[in-house]
Amino acid sequence: MLWSGAVRGGIGLLAVRRACLFSRHAHSAPKSGEYRPIKKVMVANRGEIAIRVFRACTEMGIRTVAVYSEQDTGQMHRQKADEAYLIGKGLPPVAAYLDIADIIKVAKDNNVDAIHPGYGFLSERSDFAQACSDAGVMFVGPSPETVRMMGDKVEARALAIRAGVPVVPGTDAPITCMQDAQAFAQTYGFPIIFKAAYGGGGRGMRVVREYEELEENYQRAYSEALAAFGNGSLFVEKFIEKPRHIEVQILGDKYGNIIHLYERDCSIQRRHQKVVEIAPAFQLDPHLRDRLHADSVALAKLVGYENAGTVEFLVDKHGKHYFIEVNSRLQVEHTVTEEITDVDLVHAQLKVCEGRSLPELGLRQDKIMVNGCAIQCRVTTEDPARGFQPDTGRIEVFRSGEGMGIRLDSASAFQGAVISPHYDSLLVKVISSGKDLQTAASKMNRALAEFRVRGVKTNIPFLQNVLSNQQFLYSTVDTQFIDENQELFNLKPTQNRAQKLLHYLGHVMVNGPTTPIPVKTKPSSTDPVVPQVTMGDPPVGFRDVLLRDGPEGFAKAVRAHKGLLLMDTTFRDAHQSLLATRVRTHDLKKISPFVSHSFNNLYSLENWGGATFDVAMRFLSECPWKRLQEMRALIPNVPFQMLLRGANAVGYTNYPDNAVFKFCEVAKENGMDVFRVFDSLNYLPNMLLGMEAAGSAGGVVEAAISYTGDVSDPARQKYSLDYYMKLAEELVRAGTHVLCIKDMAGLLKPKPSKLLISALRDRFPDMPIHVHTHDTAGAGVAAMLACAEAGADVVDVAVDSMAGMTSQPSMGAMVACAKGTKLDTGIALEKVYDYSEYWEVARGLYAPFDCTATMKSGNADVYENEIPGGQYTNLHFQAHSMGLGNKFKEVKKSYAEANKLLGDLIKVTPSSKIVGDLAQFMVQNSLSRADVEERADELSLPLSVVEFLQGHIGIPHGGFPEPLRTKVLKSLPRIEGRPGASLPPMDFTSLEENLRTAHGDDITPEDVMSAAMYPKVFQEYKEFTANFGPVDCLSTRLFLDGPKIAEEFEVELERGKILHIKALALGDLNQAGQREVFFELNGQLRSVLVKDTVAMKEMKFHPKAQKAIKGQVGAPMPGKVLELKVEVGSKVEKGQPLCVLSAMKMETVVNSPLTGTIKALHVAIDSSLEGDDLILEIEEE
């Protein structure tokens, strides 16, 4: 027998040549002159089947010849052959492999003895087999007449009937027009199926279930068949619902010997193309199996079949089988038959072609045994999540799964290979074998899990779902298996973290930082050193009290505490004020254990909320919730405090009430403890909503009164002591646990500090009082000491190297000043020094954002302009970036004037932004306060100012400024009362469903809240991470500035998974506007292609469809435009076909996503498109 490896069943190992010599004496040998040895074989094909044949030839000592199209110059099959020649010069990609004359010419010019057709292309073309014969070249396959008979599906059907093989009702001859199809449908009813008369593999095959679909599917089937086989002839059959697809492998010689090599189950299909094949068929009735084998051999004998072929059947749910076709060639799935029979089919094909008989080769039916089970999975470059649309591009990473029981047949599966849209999407065939189906499936699953393919989408996650499906493993499947098991499309997303990070680093190396950089200063190259941390659990802190006694018990403990408590703002407000809120989780996490062990007696750590929430996503590409979770794990003993903008939560707009409540609930679940609730206008209804939401979530409610003015100045009575006392009364009555004074601009001087805090302490002796301030004027330490002396329980500080100027007062200064007094903080100054040293070095990493780049000191003029600390920094940056650095004094004066224009507001985000917008508008347009008042009805004031006057953020103390409001608004609507009260509840279920549709099933409750607060920012964040991965694991310098050439560094993806990376080189610009960036990753060469955004501005490219713009229709896959069904001005209905694309020999109809009118066409017939290229634009009706 002809064996491919070690023969099972005790027969022994026989090589082909030994088998021939051994059997020549026992069996009839060819007559003299009939044996023609083959010395050189050409494969008239490409890809893995060409390589499969080359390998067999090499094993047999036969020289090999490859042919290739112009598009295939880089393909592996031409490199695997001894010789390779170009065919079809100037022809389209597929047509090149259909050029019979050129192929025969190359064969004759190069002394080729035999041509193996592979599968597809010319493999079932009788005219090709005849051309070979006429040229005196052996055709490795059946005779031309057999190929003709079997290739003509109608004639093959008639032959099957003569052989007594059951057939499906169908046409007697290829149909010639649509009317023939209509007549057949009227006779037999729907469903029917079109099939290519001269080829298989699912090409030219379309199921039609109703009359309205008939014409479109006829045209598509005809077009596909013509493109794939050079002949568009079709025949029609009655479509059998939910059959099993079973095929029998046959092998014949020139002497009438026919054997079968058992059957394969190919029922798992999509688009009538096989995806997974099994040999032998699982749970097939033994009697049915025998009939299938017998019918296959009978038909083959009737036609005098020689060489390898496959007889295909459908088996219905009643166990009846129907002949459908003979594939007179080697099948893609021949591998599983080889694995279970140990017969090398390609060796056998070549020997039969030479003139050997099957008995001579040791191939007798009684000697062919089945041993175990084999499964083949076709790994393709297709995206199951998008209807198996072919994907194209460059393979950036390829790592295969191997090991015992695994065979790989591939061609284009290597790093750097380019997958084009011109040919089949098959990447690699993975074949597993084992003692039974379950064992083979287990090996296959393991091998697929080892694969790493990056750069193109593959169907591997889908295949893994198939292999884990219980029906697949323990029952039978039919051709509807994929359609009826939609859970197969619940695809586990691949992480691809390493390659995505290389893309990010390459992008930064080519295009610079992804986050806007205010000044041209490089991050420091020195990383901070983390101070030594004591081993073991951190000491008990106030959070332990909170967890034990709840918010009320926590408040009592704070009030009863002896000495001054501090809140550290270093993790939030300090870097918001000094470093444009740009500090990353990476640097916060590193110092967190030290904080937990060294500052356990802090009142709280302000580390979340406010601007840090959206900036984390918007500029740092981090998840703010992940930041909270990771810090909570590292600092379990110190309470966390966040900034909650009342009814605005962490946003700058109004939200439905249920959104605010839900946000607080999710924040509490993720580790937040204290909710500092404020409103930018001290508008009580907004504050009360935020307080109720925080309280309902189980958090500590800290109601914050935003401070402005000067309570010690009799001339400034709008915000008098009485105003603050009455507001405090309301907040205490509403149930706040802690009362806070939020001095955003740092206006509290020692005298007003003592006056305000003393009054509050006298009025609320049991209420903890917390004071927040900024040190813009430099008097922060003095003011906070005065507050503490007057009865404040908690004051805010930042570590020394992150303190002063627009940040908070110095922690070290407060600790030193209070030491040895009744206000002693209990904090060791030595620990503060270590803490400060870390942040002094860390601050250098954020040099491009440091306010000291433009601002060298604080300024006491804040008492006049009342600009909040963080905004003061931002305005300073903006003035310098716009070339107005010398006019910053004018900007500050305009800010004070704008504040007066608007009625003297409390100035906290977002009200402070409104004042700032108006101030900049005045400076840019050289307007005075009087000018604005006089011309208010004609000026185009900033939108934020108009919306404020409409009532979008609430009602200011003392009401809106008149007549300014009336002049500006004219007939514009006004909001009465609390802005969010009239908003309908947010539908979180619908929002989550939409997010899952857009981003996959790994959407978390935290993601839903991020999208609820900042829909556009969250969308952009998800798109960024989908492209660039978890950039939060990069060091800050690498994140901002990228690596230097030849720099080596490590990136920890997670505990125990560390990437070793070296940046190697930056390539030149290519024609596509890209640069190739080379890295070494874990010792292996990797490269990524990065678009040079500057260079691309000067190059012309096809526009992309913008997903956010309704009516823009993009290409669902790369391909060529075959047909346009509309023109500009055409009216279209939703679902109406717009055009037809072709890729990898598969045609796809692009349908209209909405009803409307075609506004613009961006393609023409034969246009070549990349994925998401803009096809047309529709104006919705």
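At what angle do helix α28 and helix α29 pack, and how far apart are their axes?

A: This is a predicted model, in which local features need pLDDT of at least 70, side-chain atom pairs count only at pLDDT 80 or more, and totals for chains, interfaces and linings use all residues. Residues are numbered from 1 along each chain as its sequence is written, and side-chain values use heavy atoms, with hydrogens and water left out.

Helix α28 covers residues 780-790 and helix α29 covers residues 811-818; they pack at about 45°, and their axes are 10 Å apart. Helices here are DSSP runs (H or I, at least four residues), numbered from the N terminus. An axis is a line fitted to C-alpha atoms, for helices over the stretch in contact, and angles run from 0 to 180 degrees between N-to-C directions.

The angle makes α28 oblique to α29. The term oblique is what remains once angles under 35 degrees (roughly parallel), over 145 (roughly antiparallel) and 65 to 115 (roughly perpendicular) are set aside. The crossing of α28 and α29 is right-handed; that is, the near helix is turned clockwise from the far one by less than a right angle.

As for the residues involved, V781, M784 and L785 of α28 meet A813, M814 and C817 of α29, where contact means heavy atoms within 4.5 Å. This contact of α28 with α29 comprises six nonpolar residues, no polar and no charged ones. Nonpolar here covers Ala, Val, Leu, Ile, Met, Phe, Trp, Tyr, Cys and Pro; charged covers Asp, Glu, Lys and Arg; the others, Gly among them, are polar.

For comparison, α21 (residues 585-598) and α23 (residues 624-634) have axes that come within 8 Å and cross at roughly 20°. Helices α21 and α23 are therefore roughly parallel to each other.

Methods
Helix = DSSP H or I, 4+ residues; strand = E, 2+ residues; numbered from the N terminus.
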